[in-house]
Amino acid sequence: MSEGTVPGGATGATPGWSAPGAAPAPERADVGYGPPTAAYPSVPSPTHVPQGWSGVPAHKPGIIALRPLTFGDIVEASFACLRRNPRTFLGLALLTSLVVLLVMGVLGLLAWLVVSTAGSGDGLDVMLALGVTSSVALLLFISTATSIALSGILAYPVGEAVLGRTASMGETWRRTRRFLPRLLGLCVVLVIPPTVVFAALVALAVWGFAGGAPAVGALGVVAVLCLALATMWLGIRLVLATPALVLEDLGVVASLRRSWRLTPGLFWRAFGILFVSGLLIGIVQYVLSFAFQLGGMLLGFAVGSMGTGQAADMVAGVVTVGASVLGSLLSGVVTQPFMAAVLALLYTDARIRKEGFDLALARAAAGASPIGR
(Lines give C-alpha, C1' and ligand atoms only; values in the text may rest on other atoms or scores of the structure.)
Protein backbone atom coordinates (compact mmCIF):
# COMPACT_ATOMS: atom_id res chain seq x y z
CA MET A 1 0.00 0.00 0.00
CA SER A 2 1.37 3.37 -0.92
CA GLU A 3 1.99 6.08 1.59
CA GLY A 4 -0.90 8.31 2.58
CA THR A 5 -3.53 5.94 1.20
CA VAL A 6 -6.50 5.09 3.31
CA PRO A 7 -7.47 1.42 2.88
CA GLY A 8 -10.82 1.40 1.19
CA GLY A 9 -13.01 0.09 -1.53
CA ALA A 10 -15.22 1.41 -4.28
CA THR A 11 -16.31 5.00 -4.30
CA GLY A 12 -18.31 5.78 -1.20
CA ALA A 13 -17.35 2.60 0.66
CA THR A 14 -16.05 2.92 4.19
CA PRO A 15 -12.23 2.99 4.17
CA GLY A 16 -10.88 -0.33 5.32
CA TRP A 17 -14.08 -2.20 4.48
CA SER A 18 -13.62 -2.89 0.77
CA ALA A 19 -13.20 -6.32 -0.73
CA PRO A 20 -9.65 -7.65 -1.19
CA GLY A 21 -8.04 -6.28 -4.33
CA ALA A 22 -10.47 -3.37 -4.72
CA ALA A 23 -9.22 0.08 -5.66
CA PRO A 24 -8.61 2.51 -2.77
CA ALA A 25 -11.46 4.85 -1.94
CA PRO A 26 -11.07 8.62 -2.22
CA GLU A 27 -10.33 10.64 0.87
CA ARG A 28 -13.37 11.11 3.13
CA ALA A 29 -12.60 14.21 5.10
CA ASP A 30 -16.32 15.03 5.32
CA VAL A 31 -16.89 11.92 7.41
CA GLY A 32 -14.12 12.67 9.84
CA TYR A 33 -11.27 10.49 8.67
CA GLY A 34 -9.23 13.61 8.00
CA PRO A 35 -6.39 14.16 5.58
CA PRO A 36 -3.45 11.76 5.70
CA THR A 37 -0.72 13.28 7.84
CA ALA A 38 1.75 10.40 7.81
CA ALA A 39 2.45 7.21 5.93
CA TYR A 40 0.26 4.36 7.03
CA PRO A 41 2.70 1.51 7.72
CA SER A 42 2.18 -1.76 5.93
CA VAL A 43 2.31 -3.49 9.32
CA PRO A 44 1.08 -1.87 12.55
CA SER A 45 3.63 -1.06 15.21
CA PRO A 46 4.52 -3.89 17.62
CA THR A 47 2.39 -2.41 20.40
CA HIS A 48 -0.65 -2.40 18.12
CA VAL A 49 -0.25 -5.69 16.27
CA PRO A 50 -3.55 -7.57 16.67
CA GLN A 51 -2.21 -10.90 17.90
CA GLY A 52 -5.23 -12.14 19.81
CA TRP A 53 -4.64 -15.51 18.15
CA SER A 54 -1.49 -16.08 20.22
CA GLY A 55 -2.61 -14.56 23.50
CA VAL A 56 -1.03 -11.10 23.08
CA PRO A 57 -3.64 -8.37 23.76
CA ALA A 58 -5.11 -7.17 20.47
CA HIS A 59 -5.38 -3.56 19.45
CA LYS A 60 -8.84 -2.13 20.24
CA PRO A 61 -9.49 1.20 18.52
CA GLY A 62 -13.26 0.95 18.91
CA ILE A 63 -15.90 -1.42 20.20
CA ILE A 64 -14.00 -4.65 19.41
CA ALA A 65 -10.48 -5.91 19.74
CA LEU A 66 -9.01 -6.52 16.29
CA ARG A 67 -8.86 -10.31 16.43
CA PRO A 68 -11.27 -13.19 15.76
CA LEU A 69 -14.37 -12.51 17.84
CA THR A 70 -16.09 -14.79 20.31
CA PHE A 71 -19.84 -14.85 20.86
CA GLY A 72 -19.34 -12.78 24.01
CA ASP A 73 -17.36 -10.20 22.04
CA ILE A 74 -20.15 -9.84 19.50
CA VAL A 75 -22.90 -9.50 22.12
CA GLU A 76 -20.88 -7.05 24.22
CA ALA A 77 -19.99 -4.93 21.20
CA SER A 78 -23.62 -4.94 20.00
CA PHE A 79 -24.76 -3.58 23.35
CA ALA A 80 -21.88 -1.08 23.25
CA CYS A 81 -23.19 0.28 19.94
CA LEU A 82 -26.58 1.02 21.49
CA ARG A 83 -25.07 2.38 24.69
CA ARG A 84 -22.51 4.68 23.05
CA ASN A 85 -24.64 5.94 20.17
CA PRO A 86 -28.31 5.60 21.16
CA ARG A 87 -29.50 8.53 19.04
CA THR A 88 -28.38 6.92 15.79
CA PHE A 89 -29.32 3.32 16.51
CA LEU A 90 -32.55 3.81 18.44
CA GLY A 91 -33.56 6.89 16.46
CA LEU A 92 -33.34 5.17 13.07
CA ALA A 93 -35.07 2.10 14.47
CA LEU A 94 -37.89 4.29 15.77
CA LEU A 95 -38.31 5.96 12.37
CA THR A 96 -38.54 2.63 10.53
CA SER A 97 -40.98 1.28 13.12
CA LEU A 98 -43.16 4.38 12.69
CA VAL A 99 -43.19 3.79 8.93
CA VAL A 100 -44.48 0.25 9.46
CA LEU A 101 -47.00 1.50 12.02
CA LEU A 102 -48.23 4.16 9.60
CA VAL A 103 -48.71 1.57 6.87
CA MET A 104 -50.59 -0.64 9.32
CA GLY A 105 -52.85 2.26 10.23
CA VAL A 106 -53.58 3.11 6.59
CA LEU A 107 -54.35 -0.52 5.72
CA GLY A 108 -56.55 -0.86 8.79
CA LEU A 109 -58.43 2.33 7.95
CA LEU A 110 -59.00 1.20 4.36
CA ALA A 111 -60.27 -2.18 5.54
CA TRP A 112 -62.63 -0.53 8.02
CA LEU A 113 -63.99 1.83 5.34
CA VAL A 114 -64.61 -1.07 2.94
CA VAL A 115 -66.37 -3.17 5.58
CA SER A 116 -68.46 -0.28 6.89
CA THR A 117 -69.64 0.90 3.47
CA ALA A 118 -70.12 -2.43 1.69
CA GLY A 119 -73.15 -4.65 1.89
CA SER A 120 -73.15 -8.42 2.24
CA GLY A 121 -72.99 -11.39 -0.09
CA ASP A 122 -70.78 -14.29 -1.06
CA GLY A 123 -68.90 -12.28 -3.67
CA LEU A 124 -68.17 -9.54 -1.19
CA ASP A 125 -66.96 -12.07 1.40
CA VAL A 126 -64.51 -13.50 -1.11
CA MET A 127 -63.28 -10.03 -2.01
CA LEU A 128 -62.83 -9.16 1.66
CA ALA A 129 -60.93 -12.37 2.29
CA LEU A 130 -58.64 -11.68 -0.66
CA GLY A 131 -58.17 -8.10 0.49
CA VAL A 132 -57.26 -9.13 4.03
CA THR A 133 -54.83 -11.76 2.73
CA SER A 134 -53.22 -9.28 0.35
CA SER A 135 -52.96 -6.66 3.08
CA VAL A 136 -51.30 -9.10 5.47
CA ALA A 137 -48.86 -10.23 2.77
CA LEU A 138 -48.06 -6.61 1.89
CA LEU A 139 -47.59 -5.72 5.53
CA LEU A 140 -45.24 -8.66 6.07
CA PHE A 141 -43.19 -7.69 3.04
CA ILE A 142 -42.98 -4.04 4.14
CA SER A 143 -41.96 -5.13 7.63
CA THR A 144 -39.27 -7.42 6.23
CA ALA A 145 -38.05 -4.78 3.79
CA THR A 146 -37.75 -2.14 6.52
CA SER A 147 -35.92 -4.63 8.75
CA ILE A 148 -33.39 -5.42 6.00
CA ALA A 149 -33.02 -1.72 5.17
CA LEU A 150 -32.43 -0.90 8.82
CA SER A 151 -29.82 -3.66 9.12
CA GLY A 152 -28.02 -2.27 6.10
CA ILE A 153 -28.20 1.35 7.24
CA LEU A 154 -26.98 0.53 10.76
CA ALA A 155 -24.06 -1.48 9.38
CA TYR A 156 -22.44 1.87 8.64
CA PRO A 157 -22.34 3.22 12.25
CA VAL A 158 -21.25 -0.24 13.44
CA GLY A 159 -18.36 -0.13 10.98
CA GLU A 160 -17.46 3.34 12.15
CA ALA A 161 -17.62 2.22 15.79
CA VAL A 162 -15.19 -0.60 14.99
CA LEU A 163 -12.76 2.10 13.77
CA GLY A 164 -13.29 4.18 16.91
CA ARG A 165 -15.75 6.73 15.52
CA THR A 166 -19.29 7.76 16.43
CA ALA A 167 -21.49 8.35 13.38
CA SER A 168 -24.42 10.71 13.88
CA MET A 169 -27.88 10.00 12.57
CA GLY A 170 -27.53 12.65 9.87
CA GLU A 171 -24.16 11.33 8.72
CA THR A 172 -25.48 7.76 8.66
CA TRP A 173 -28.46 8.80 6.55
CA ARG A 174 -26.32 10.80 4.12
CA ARG A 175 -23.92 7.90 3.69
CA THR A 176 -26.49 5.13 3.33
CA ARG A 177 -29.62 6.56 1.70
CA ARG A 178 -28.32 5.78 -1.79
CA PHE A 179 -28.21 2.09 -0.82
CA LEU A 180 -31.97 1.91 -0.15
CA PRO A 181 -32.94 0.80 -3.71
CA ARG A 182 -30.30 -1.93 -3.56
CA LEU A 183 -31.46 -3.03 -0.11
CA LEU A 184 -35.03 -3.20 -1.42
CA GLY A 185 -33.79 -5.30 -4.34
CA LEU A 186 -31.97 -7.57 -1.89
CA CYS A 187 -35.21 -7.97 0.06
CA VAL A 188 -37.08 -8.91 -3.12
CA VAL A 189 -34.47 -11.51 -4.04
CA LEU A 190 -34.34 -13.02 -0.56
CA VAL A 191 -38.05 -12.96 0.30
CA ILE A 192 -40.22 -13.29 -2.82
CA PRO A 193 -38.91 -16.55 -4.39
CA PRO A 194 -39.04 -18.73 -1.24
CA THR A 195 -42.41 -17.24 -0.28
CA VAL A 196 -43.94 -18.07 -3.67
CA VAL A 197 -42.52 -21.61 -3.65
CA PHE A 198 -43.62 -22.15 -0.04
CA ALA A 199 -47.18 -20.97 -0.82
CA ALA A 200 -47.34 -23.27 -3.86
CA LEU A 201 -46.19 -26.30 -1.85
CA VAL A 202 -48.66 -25.57 0.96
CA ALA A 203 -51.45 -25.25 -1.61
CA LEU A 204 -50.35 -28.59 -3.10
CA ALA A 205 -50.48 -30.28 0.32
CA VAL A 206 -53.92 -28.83 1.11
CA TRP A 207 -55.25 -29.81 -2.31
CA GLY A 208 -53.92 -33.34 -1.93
CA PHE A 209 -55.51 -33.99 1.47
CA ALA A 210 -58.77 -32.20 0.60
CA GLY A 211 -59.06 -33.80 -2.84
CA GLY A 212 -58.73 -37.39 -1.72
CA ALA A 213 -55.08 -37.78 -2.77
CA PRO A 214 -53.21 -38.28 0.53
CA ALA A 215 -50.03 -39.33 -1.27
CA VAL A 216 -49.89 -35.94 -2.99
CA GLY A 217 -50.62 -34.20 0.31
CA ALA A 218 -47.87 -36.12 2.09
CA LEU A 219 -45.47 -35.27 -0.74
CA GLY A 220 -46.38 -31.60 -0.32
CA VAL A 221 -45.70 -31.76 3.44
CA VAL A 222 -42.30 -33.37 2.87
CA ALA A 223 -41.51 -30.74 0.23
CA VAL A 224 -42.45 -27.96 2.66
CA LEU A 225 -40.13 -29.40 5.32
CA CYS A 226 -37.29 -29.75 2.81
CA LEU A 227 -37.87 -26.18 1.65
CA ALA A 228 -37.73 -24.95 5.24
CA LEU A 229 -34.36 -26.65 5.79
CA ALA A 230 -33.02 -25.38 2.45
CA THR A 231 -34.21 -21.85 3.25
CA MET A 232 -32.47 -21.95 6.63
CA TRP A 233 -29.22 -23.15 5.02
CA LEU A 234 -29.38 -20.54 2.26
CA GLY A 235 -30.32 -17.86 4.78
CA ILE A 236 -27.16 -18.50 6.80
CA ARG A 237 -24.97 -18.59 3.68
CA LEU A 238 -26.44 -15.27 2.47
CA VAL A 239 -26.89 -13.52 5.83
CA LEU A 240 -23.79 -11.34 5.38
CA ALA A 241 -25.06 -9.83 2.13
CA THR A 242 -26.75 -6.90 3.88
CA PRO A 243 -23.69 -5.50 5.71
CA ALA A 244 -21.46 -6.33 2.72
CA LEU A 245 -23.73 -4.34 0.39
CA VAL A 246 -23.35 -1.16 2.45
CA LEU A 247 -19.82 -1.46 3.83
CA GLU A 248 -18.28 -2.52 0.51
CA ASP A 249 -20.63 -0.54 -1.79
CA LEU A 250 -21.73 -3.64 -3.71
CA GLY A 251 -24.72 -4.40 -5.89
CA VAL A 252 -27.41 -6.92 -5.00
CA VAL A 253 -25.89 -9.90 -6.82
CA ALA A 254 -22.34 -8.97 -5.81
CA SER A 255 -23.33 -8.76 -2.13
CA LEU A 256 -24.94 -12.20 -2.31
CA ARG A 257 -21.80 -13.62 -3.90
CA ARG A 258 -19.68 -11.91 -1.25
CA SER A 259 -21.67 -13.50 1.56
CA TRP A 260 -21.47 -16.87 -0.19
CA ARG A 261 -17.67 -16.62 -0.30
CA LEU A 262 -17.34 -15.51 3.34
CA THR A 263 -19.50 -18.16 5.01
CA PRO A 264 -17.93 -21.53 4.01
CA GLY A 265 -16.58 -23.17 7.15
CA LEU A 266 -18.45 -20.71 9.37
CA PHE A 267 -21.99 -22.02 8.86
CA TRP A 268 -22.59 -23.60 12.26
CA ARG A 269 -20.82 -20.78 14.06
CA ALA A 270 -23.00 -18.18 12.33
CA PHE A 271 -26.09 -20.30 12.91
CA GLY A 272 -25.35 -20.63 16.63
CA ILE A 273 -24.65 -16.92 17.10
CA LEU A 274 -27.78 -15.89 15.20
CA PHE A 275 -29.92 -18.49 17.00
CA VAL A 276 -28.82 -17.43 20.48
CA SER A 277 -29.09 -13.74 19.55
CA GLY A 278 -32.58 -14.33 18.19
CA LEU A 279 -33.48 -16.15 21.40
CA LEU A 280 -32.28 -13.20 23.48
CA ILE A 281 -34.24 -10.82 21.28
CA GLY A 282 -37.35 -13.00 21.57
CA ILE A 283 -37.14 -12.95 25.35
CA VAL A 284 -36.76 -9.17 25.45
CA GLN A 285 -39.64 -8.70 23.01
CA TYR A 286 -41.88 -11.05 25.01
CA VAL A 287 -41.13 -9.31 28.31
CA LEU A 288 -41.74 -5.83 26.91
CA SER A 289 -44.86 -6.83 24.99
CA PHE A 290 -46.31 -8.70 27.96
CA ALA A 291 -45.60 -5.81 30.33
CA PHE A 292 -47.32 -3.30 28.05
CA GLN A 293 -50.23 -5.63 27.32
CA LEU A 294 -50.79 -6.26 31.02
CA GLY A 295 -50.50 -2.55 31.80
CA GLY A 296 -52.87 -1.73 28.95
CA MET A 297 -55.44 -4.25 30.15
CA LEU A 298 -55.32 -2.90 33.70
CA LEU A 299 -55.48 0.70 32.49
CA GLY A 300 -58.29 -0.13 30.08
CA PHE A 301 -60.22 -1.86 32.85
CA ALA A 302 -59.72 1.16 35.11
CA VAL A 303 -60.86 3.57 32.38
CA GLY A 304 -63.84 1.40 31.53
CA SER A 305 -64.94 1.17 35.15
CA MET A 306 -65.04 4.96 35.40
CA GLY A 307 -67.91 5.19 32.96
CA THR A 308 -70.80 3.21 31.55
CA GLY A 309 -72.14 2.46 28.14
CA GLN A 310 -70.65 1.88 24.72
CA ALA A 311 -68.39 4.96 24.82
CA ALA A 312 -66.58 3.74 27.95
CA ASP A 313 -66.09 0.29 26.46
CA MET A 314 -64.70 1.82 23.26
CA VAL A 315 -62.25 3.99 25.19
CA ALA A 316 -61.12 1.00 27.24
CA GLY A 317 -60.58 -1.00 24.06
CA VAL A 318 -58.57 1.80 22.45
CA VAL A 319 -56.37 2.10 25.56
CA THR A 320 -55.75 -1.65 25.64
CA VAL A 321 -54.90 -1.90 21.95
CA GLY A 322 -52.80 1.27 22.08
CA ALA A 323 -50.70 -0.07 24.94
CA SER A 324 -50.16 -3.34 23.06
CA VAL A 325 -49.07 -1.50 19.91
CA LEU A 326 -46.77 0.76 21.94
CA GLY A 327 -45.16 -2.30 23.55
CA SER A 328 -44.56 -3.91 20.16
CA LEU A 329 -43.12 -0.64 18.83
CA LEU A 330 -40.70 -0.19 21.72
CA SER A 331 -39.61 -3.83 21.63
CA GLY A 332 -38.77 -3.47 17.93
CA VAL A 333 -36.91 -0.21 18.53
CA VAL A 334 -34.71 -1.91 21.14
CA THR A 335 -34.13 -5.28 19.49
CA GLN A 336 -33.76 -4.48 15.78
CA PRO A 337 -30.61 -2.33 16.21
CA PHE A 338 -29.08 -5.05 18.37
CA MET A 339 -29.61 -7.67 15.65
CA ALA A 340 -28.27 -5.29 13.00
CA ALA A 341 -25.11 -4.82 15.07
CA VAL A 342 -24.76 -8.60 15.48
CA LEU A 343 -24.93 -9.06 11.69
CA ALA A 344 -22.37 -6.33 11.00
CA LEU A 345 -19.99 -7.74 13.61
CA LEU A 346 -20.49 -11.27 12.31
CA TYR A 347 -19.47 -9.97 8.89
CA THR A 348 -16.41 -8.29 10.42
CA ASP A 349 -15.44 -11.49 12.22
CA ALA A 350 -15.78 -13.55 9.03
CA ARG A 351 -13.41 -11.19 7.21
CA ILE A 352 -10.93 -11.24 10.09
CA ARG A 353 -10.89 -15.04 10.07
CA LYS A 354 -10.70 -15.49 6.30
CA GLU A 355 -8.83 -12.42 5.07
CA GLY A 356 -6.70 -11.14 7.95
CA PHE A 357 -8.96 -8.11 7.97
CA ASP A 358 -7.77 -7.08 11.44
CA LEU A 359 -4.58 -5.65 9.90
CA ALA A 360 -6.52 -3.56 7.38
CA LEU A 361 -8.81 -2.28 10.15
CA ALA A 362 -5.82 -1.35 12.29
CA ARG A 363 -4.36 0.72 9.44
CA ALA A 364 -7.74 2.33 8.70
CA ALA A 365 -8.30 3.15 12.36
CA ALA A 366 -4.87 4.77 12.55
CA GLY A 367 -6.01 7.35 9.98
CA ALA A 368 -9.73 7.47 10.76
CA SER A 369 -9.65 9.44 13.98
CA PRO A 370 -7.73 9.71 17.25
CA ILE A 371 -7.80 6.20 18.69
CA GLY A 372 -8.07 7.29 22.29
CA ARG A 373 -11.70 8.41 22.22
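Rings of Phe, Tyr and Trp (its six-membered ring) form an aromatic pair if their centres lie within 6.5 Å; planes under 30 degrees apart count as stacked, over 60 as edge-to-face and the rest as tilted. By this rule, seven aromatic pairs are counted. The model is predicted, so that local features need pLDDT of at least 70 and side-chain atom pairs pLDDT 80 or more, whereas totals for chains, interfaces and linings use all residues. Residues are numbered from 1 along each chain as its sequence is written, and side-chain values use heavy atoms, without hydrogens and water.

**View 1. The stacked pair of Phe271 and Phe275.** The ring centres of Phe271 and Phe275 are 6.1 Å apart, with 20° between the planes. Both residues belong to helix α9 (residues 267-305), and because they are four residues apart, about one helical turn separates them. Helices are DSSP runs (H or I, at least four residues), numbered from the N terminus. Phe271 is partly exposed at 25% relative accessible area, while Phe275, at 52%, is exposed (buried means under 20%, exposed over 50%, partly exposed in between; 1.4 Å probe, protein chains only). Ring pairs also join Phe271 and Phe275 with Phe267 and Trp268 in a cluster.

**View 2. The rings of Tyr286 and Phe290.** This pair is stacked because its planes meet at 15°, with the centres 6.0 Å apart. Tyr286 and Phe290 are also four residues apart in helix α9. Tyr286 is exposed at 58% relative accessibility; Phe290 is partly exposed at 44%.

**View 3. Charges over rings at Trp260 and Phe357.** A charge sits over a ring if NZ of Lys or CZ of Arg is within 6 Å of the ring centre and within 35 degrees of the ring normal. Arg237 lies over the face of Trp260, 3.8 Å from the ring centre. The charged end of Arg351 is placed over the ring of Phe357, at 3.9 Å from its centre.

Notes: Helices (H or I, at least four residues) and strands (E, at least two) are DSSP runs, numbered from the N terminus.
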